[in-house]
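Me: I have not seen this structure before. Please take me through parts of it by question and answer.

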Number of protein chains: 2
Amino acid sequence: MKPLSPTDQLFLWLEKRQQPMHVGGLQLFSFPDDAPDDYVAQLAEQLRQHSHVTPPFDRRLDTRLAQPVWVHDEHLDLEHHFRFEALPTPGRIRELLTFISAEHSHLMDRERPLWEFHLIEGLQDRQFALYIKVHHALVDGMSAMCLIRRMLSTDPGQRNMPPIWDLPQSAHHREPQESTLWRTLRYWVGESGKQLGTVPAVAREILRSVNEARKNPVYDSIFHAPRSVLNQKITGSRRFAAQSYRMARIRRVCHAYSTTVNDVVMAMCATALRVYLMNRDALPEKPLVAMVPVSLRHDDSAEGNQVGIILASLGTDLADPVQRLMHIHREVQQAKDRYAQMSSEEIINYTALMMAPAAFHLLTGMAPNWQTFNVVISNVPGPKEPQYWNGAKLEGMYPVSIAMDRLALNMTLTSYHDQVEFGLIGCRRTLPSLQRMLDGLEQGLEELEQAAGL
Amino acid sequence: MKPLSPTDQLFLWLEKRQQPMHVGGLQLFSFPDDAPDDYVAQLAEQLRQHSHVTPPFDRRLDTRLAQPVWVHDEHLDLEHHFRFEALPTPGRIRELLTFISAEHSHLMDRERPLWEFHLIEGLQDRQFALYIKVHHALVDGMSAMCLIRRMLSTDPGQRNMPPIWDLPQSAHHREPQESTLWRTLRYWVGESGKQLGTVPAVAREILRSVNEARKNPVYDSIFHAPRSVLNQKITGSRRFAAQSYRMARIRRVCHAYSTTVNDVVMAMCATALRVYLMNRDALPEKPLVAMVPVSLRHDDSAEGNQVGIILASLGTDLADPVQRLMHIHREVQQAKDRYAQMSSEEIINYTALMMAPAAFHLLTGMAPNWQTFNVVISNVPGPKEPQYWNGAKLEGMYPVSIAMDRLALNMTLTSYHDQVEFGLIGCRRTLPSLQRMLDGLEQGLEELEQAAGL
């Protein structure tokens with residue numbers, strides 16, 4: 001028995017029918033060379049034998065003395081959690097994305113451990129996929145990524161590798177750079193020093209801070225984003241879209257313009273948003289603002305890998321792709337420079353205030369008449385070397401994140417080996433045909449290549 | 001725009017995360033003789049062309065002047081409703097049932113028309129399946145069955161047959177024999193003459209009637225059922241199990257014992273429940289009581305096909321299968337005889353009182369310390385002749401009903417051509433390995449065959 005942390009409770013509390021709070025990861029594998037045609041069915045049979053379930057995957061919610069707790073599930077039904085599934089003909093990536101869109105829309109059963117592991121056959125070209133779905137209250141996004149990486153190996157010869165629910169137990173490191181809104185919400189919830197029963201108190205405290213901060217003209221001038229269709233109430237159905245890009249291709253563009261990989265990736269997202277919204281006649285006059293976790297490496301810092309959250313204008317009002325890239329480059333640099341002059345404590349306070357309107361809305365359901373950002377773009381570092389699972393090569397890994405009220409789109413990227421993997425999750429009703437943004441990403445990169453004569 | 005009826009509202013009101021209120025139908029088809037191997041994929045492509053959606057399938061929920069209404073969905077996204085899916089290897093009925101179990105557990109998106117049409121490929125032996133899921137607020141169970149039947153034809157040569165969402169509009173007849181709890185809840189809700197905003201008032205009225213009735217010793221002696229595991233709070237995940245039986249086989253047993261088809265079918269269910277609960281060491285000493293809709297044909301009645309609800313002891317305390325069958329036979333006959341002496345109005349009042357404790361619980365969430373039945377067994381008449389859809393022969397059709405708090409199992413049967421089709425839906429946590437009840441159904445029939453020397 002283990003009491004839920006305030007953060008765990010927060011994720012349960014934020015969950016609504018139209019706002020599930022689980023995260024997912026999609027991994028695409030190719031068969032080992034010597035694999036028979038029924039390789040995936042054999043793999044399913046092997047996985048079913050792993051009836052032992054290690055923490056935290058054995059934990060279900062319960063209530064003790066009116067407090068929510070995690071307890072060991074005595075009646076764990078592996079068939080509920082491990083699912084062997086198939087794509088319909090013709091088994092392209094398109095069918096895979098349709099499948100993930102539907103699955104990611106489904107709430108999980110709260111009376112059971114809050115995870116599912118989907119093994120998916122029926123892909124073309126001797127490929128198969130895993131889709132791992134975990135509630136944010138059970139495992140935070142970064143820990144989930146760690147667990148998935150622990151399941152894999154760089155050795156193509158290794159066999160008898162257990163699935164994620166039967167990994168040997170170890171001290172799970174929570175990576176330090178856990179990102180985005182959650183850290184901030186945790187800050188607020190922790191700040192008040194109270195349990196979630198006091199959400200209204202936390203919300204009042206946030207509102208007080210926001211109103212105070214807005215009296216400061218500098219603060220107010222930095223933080224405001226236009227109204228947009230991205231920032232409406234969402235519905236319960238999702239669309240997932242994903243795409244891999246060669247890192248080498250993106251690096252060539254970086255070198256041509258002397259920017260970072262992150263700048264180019266953000267410019268691709270900016271073009272995708274601009275084209276998508278223009279086609280819907282819904283592009284705001286003022287540029288969209290993205291919330292982006294970035295590395296705050298100080299040359300003189302011993303820690304070396306501190307991560308902060310910045311808000312950056314995406315220049316979606318600029319028609320010229322090169323101008324847009326350079327605008328983003330400057331925005332990010334300015335935000336980093338601002339941090340460089342701050343102490344750690346100042347950074348924490350500053351970040352918390354950036355997030356305050358969104359946090360207030362999430363906690364209260366009330367929309368403040370002020371928006372500090374329109375979209376979340378996060379870049380999660382992944383494995384640098386090719387990965388294998390029981391001899392099957394990992395071809396791509398795509399994050400499947402969370403869409404929320406007033407944040408109908410989340411763009412998450414992962415680097416893997418020589419690729420950058422884009423995973424876009426959004427509310428399917430608020431953002432119809434979201435998958436078209438993939439064309440926009442490509443257009444964003446192509447325009448920059450052409451302008452540089454690449 | 002069309003206001004929701006009190007009954008439509010009731011189904012929305014009863015729906016909880018762990019208690020979805022949709023019904024489903026599973027149809028199993030064989031390929032036409034001349035069909036190519038990719039027949040189902042071609043069919044999917046044809047179905048996608050049916051972008052026209054006729055009422056009620058174009059309706060979504062909305063609110064006008066604080067009242068829930070059905071409105072035409074201007075942005076209907078057919079890809080959300082029509083889903084082409086596949087079973088994993090080896091594509092047996094077992095994989096199909098696992099698939100349906102998972103799908104039937106998922107809540108539907110309330111911001112969209114409340115229906116889904118799943119075309120499922122990957123079955124063995126040149127077969128495919130349809131699983132049609134409709135919220136009870138949109139279409140009641142009987143109307144859904146009518147719509148499905150309207151989609152089919154007795155002519156194997158007919159082609160270009162539209163799917164259920166694009167049927168030519170007609171006056172949909174609500175069949176008169178809509179069954180079970182709903183009619184009763186409608187009675188109570190209608191009785192008070194008020195909208196659902198007054199659920200507490202309706203519940204108080206029910207409780208008053210129950211307490212009055214219990215002062216009558218006859219009433220009290222007729223209506224009580226033992227406590228059992230079937231009558232606990234349920235969770236959100238479902239298990240679906242289904243099986244076809246040849247009508248000829250069941251009729252042979254009927255003739256051997258001079259009983260009805262319904263008696264034998266109930267005896268099969270009784271054996272399945274007895275064996276399942278004994279194996280879990282959870283068989284109540286007193287016999288389980290089933291709620292069963294039955295035909296109340298009076299020889300002198302002009303209407304001829306009135307349907308009533310009876311409660312019948314299933315004799316689950318009796319070890320001898322023949323005694324059990326004869327006990328059920330007498331129970332059903334007594335209940336019918338009781339109705340024969342009542343006026344229509346008396347029947348309505350009597351039925352409403354039978355249902356009152358369950359209705360009270362459903363409306364209030366409070367468990368009355370009194371249970372009138374343990375399980376729902378309903379027998380829905382289906383088509384008498386072989387049916388086809390675009391040349392594909394309908395091999396079986398199985399109802400997928402609703403499990404509810406304190407009614408964790410629903411056993412629904414359909415007759416089709418020369419078959420009786422059993423569809424069992426239950427809470428997967430309350431009733432683990434529910435699919436083993438299929439063995440119990442078979443055992444129930446075999447024991448009766450052996451005892452009769454068949």
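Me: In which loop is the place of Pro56(B)?
Reply: Helices (H or I, at least four residues) and strands (E, at least two) are DSSP runs, numbered from the N terminus. Pro56(B) is placed in chain B, in the loop between α2 (39–48) and β3.

Me: What pLDDT do local features need in this predicted model?
Reply: Residues are numbered from 1 along each chain as its sequence is written, chains are lettered from A and ligands numbered from 1 in the order in which they are written, and side-chain values use heavy atoms, with hydrogens and water left out. This is a predicted model, where totals for chains, interfaces and linings use all residues, side-chain atom pairs count only at pLDDT 80 or more, and local features need pLDDT of at least 70.

Me: Is the peptide bond from Pro55(B) to Pro56(B) cis or trans?
Reply: Most peptide bonds are trans. Between Pro55(B) and Pro56(B), omega is near 0 degrees, and the bond is cis.

Me: What is omega for the cis peptide bond that joins Thr89(B) and Pro90(B)?
Reply: Pro90(B) lies in the loop between β5 (82–86) and α4 (93–105) of chain B. The cis bond joining Thr89(B) to Pro90(B) has an omega of about 5 degrees.

Me: Is Leu65(B) buried or exposed?
Reply: Leu65(B), in the loop between β3 and β4 of chain B, has a positive phi of about 50 degrees although it is not a glycine. Buried means under 20% relative accessible area, exposed over 50% and partly exposed in between, with a 1.4 Å probe and protein chains only. Since its relative accessibility is 85%, Leu65(B) counts as exposed.

Me: What does His417(B) count as at 35% relative accessibility?
Reply: His417(B) is in the loop between β14 (409–416) and β15 (419–427) of chain B. Its phi is near 50 degrees, a positive value in a residue other than glycine. Because its relative accessibility is 35%, His417(B) counts as partly exposed.

Me: How many residues of strand β2 of chain B are buried?
Reply: In a regular strand the side chains alternate between the two faces of the sheet. On β2(B), His22(B), Gly24(B), Leu26(B), Leu28(B) and Ser30(B) on one side and Val23(B), Gly25(B), Gln27(B) and Phe29(B) on the other are all buried. For this strand, residues 22–30, the count is 9 of 9.

Me: Which residue in β13(B) is the bridge partner of Phe29(B)?
Reply: Two strands pair if DSSP finds at least two bridges between them. In β7(B), Val23(B) is partnered by Val134(B); in β13(B), Phe29(B) is partnered by Leu394(B).

Me: At what angle do helices α9 and α13 of chain B pack?
Reply: Axes are lines fitted to C-alpha atoms, for helices over the stretch in contact, and angles run from 0 to 180 degrees between N-to-C directions. The axes of α9 (residues 247–257) and α13 (residues 437–451) of chain B are 10 Å apart. Their angle is about 45 degrees.
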